[in-house]
Amino acid sequence: MSNTTTETEQPPAPDDGAAERLSTAPVESEGPTGIGTFGWARWMWRQLTSMRVALILLFLLSLAAIPGSLIPQYQNGQGQLKVEAWKAQHATVAPVYEKLQLFDVYSSVWFSAIYILLFVSLAGCIVPRTWQFVGVLRSQPPAAPRNLTRMPVHAAWRTDADADRVNAAAHRLLRRRGFRAHLSGGSVAAEKGYLREVGNLLFHLSLFALLGGFAWSSLAAGTGGKLMIEGEGYSNTITQLDDFNGTRFYGSQDLDPFYLKLNGFTSKFQEKGDQIGAARQFTANVEYYAGSDESKLKKSTIEVNHPLEVGGSKVYLIGHGYAPVITVKNGKGDVVYRGAVPFLPQDGNLTSTGVVKVSDYGTGPDGNKTQLGFSGFFLPTAPLSFEGTGPVSLFPGDAAPELVLNAFAGDLGTDSGLPQNVYQLNTRKLTQLTRDGEPAKARLKPGQGWELPDGYGSVTFEGYKQWASFNVTHRPGNSIALAGGVLAILGLIGSLFIQRRRIWVRAVALPGGGTQVELAGLARSESAKIAEELAELAVDLQDDAPASEEDDAPDSAEEGGDGAERSAAAPDAVSDDPEAEASAPAVPADQNSKE
């Protein structure tokens, strides 16, 4: 079949290069434009809002967040204690880290600078790109190029049908396939795959929302910590929290009012097998009510990664341990101390250390006012002997609990007014009690007592309870960040898998009679999908524009010299009739396809 057509018969069309441009991304400048300060400022703005710089800033933000994961942070739950402990263990580098703000990474100057630059970069990229995309949606698809046979995928044949009828049929078929089609100037221009750019813009907007959610969380979030022993409760106020870290827009006066009580704690560990001692259950059984109405008391459970939500706050379970119940009597037999004391776990088997401070002991055996202090270990499963191992627990469960204590007398320093760590004993003004020239110490099982030397009284290990530590967080930006993350994934999927493509159809009446039909397609990616769509369109168009029976195959040199053509019919639709196969239009394969 012949595809020759005179230039006078072709309608005017825009430049081919303009038709091939399918992206709405702004064109990046390769250097500063203009003269002087304004030109450099404009060039720097274009560089900042380019995709390349945005990706660099996103990578830098990921790197900047690494220290926040490896080094204790002030704003985390129980962060102050962890930071101070880390500083004590790394005294050499701690001052350097302090100057670099590595203990407060997410509020540091350098992290905020990267964050703000990334915000500006995304905003400068999204706004013009969105405006350009809106312009594309409001305009018609680009008109057909002058020479359709120069397109990577094209087809052509002759038909006896009227040219206007063929163009109208092509317009109808393309619209039926979901293309935005426009019939004008004796040709049809159609475009499809706009959701690709929608997905691209959605990804950028979602990333902006994701960063905005994190920023709002940093500015309007608060975190408090509370350790409770079984049977204890507290009101969510600054005076009853163990620690609190607020932000610029969330202070102690903004705490959500509620009451929470720990009724009991259930812990289970694997007792045999390769994973003996592994945790299997941590459940805090609590009761609570929001506000100040006690009649709305509810019961619930808090488990790891399953927080309790009260008002705008979430209560997370973050720790667990044992609290020995200890009774101390003075030399006269009066009870001077009784209570459960939380001991802090030091290893996976919950070998726990703790102190007991008896500030109101009264008068000692020498007639002077004195105070007692005890330090030691609580072992949930104690060994038969400490020889070779020391006081360590063999199992995290309470299979054989024991309490190991050392006793001190003197001044605890609690009356000085200076703050003290409740889990540490300052022995600077204390003297360790001795017996027979050796430090006095005892190893007690539940129910056992210990007579202190020199008439200081006695200590009884009554039993033990369990404690749980909770992290009370208020982070209003988490839902925004989560929604942004989900939408960013959906947008990325759309931008990767949806193909932006264009198809042109031109039917022109020939001087000697008949009509020349030309089809061409263009896609952004190297895919055979555009060739398949063009082949299907050519087959469907045969109902309105059947190929002439005397039409011969085109010369490959006249059609661009590619020499690669195939039948427009699908492989499973090939007819057994040789005449039908001869009349089918020829559709060259995608030149970039490897098939």
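1. F378 is buried, at 0% relative accessibility. Buried here means under 20% relative accessible area, exposed over 50%, and partly exposed in between, with a 1.4 Å probe and protein chains only. F461 is also buried, with a relative accessible area of 0%.

2. This is a predicted model: local features need pLDDT of at least 70, side-chain atom pairs count only at pLDDT 80 or more, and totals for chains, interfaces and linings use all residues. Residues are numbered from 1 along each chain as its sequence is written, and side-chain values use heavy atoms, leaving out hydrogens and water.

3. The ring centres of F378 and F461 are 6.3 Å apart and the planes meet at 80°, so this pair is edge-to-face. Rings of Phe, Tyr and Trp (its six-membered ring) pair if their centres lie within 6.5 Å; planes under 30 degrees apart are stacked, over 60 edge-to-face, the rest tilted. F378 belongs to strand β15 (residues 369-379) and F461 to strand β22 (residues 458-474), so the pair ties together parts 83 residues apart in sequence. Strands (E, at least two residues) and helices (H or I, at least four) are DSSP runs, numbered from the N terminus.

4. The whole structure holds 21 aromatic pairs. In one, F111 and Y115 have ring centres 6.0 Å apart and planes at 35°, so the pair is tilted. Both lie in helix α6 (residues 109-138), 4 residues apart, about one helical turn. F111 is buried at 7%, and Y115 is buried at 12%.

5. Ring pairs join Y106, W110, F111, Y115, F119 and F208 into a cluster.
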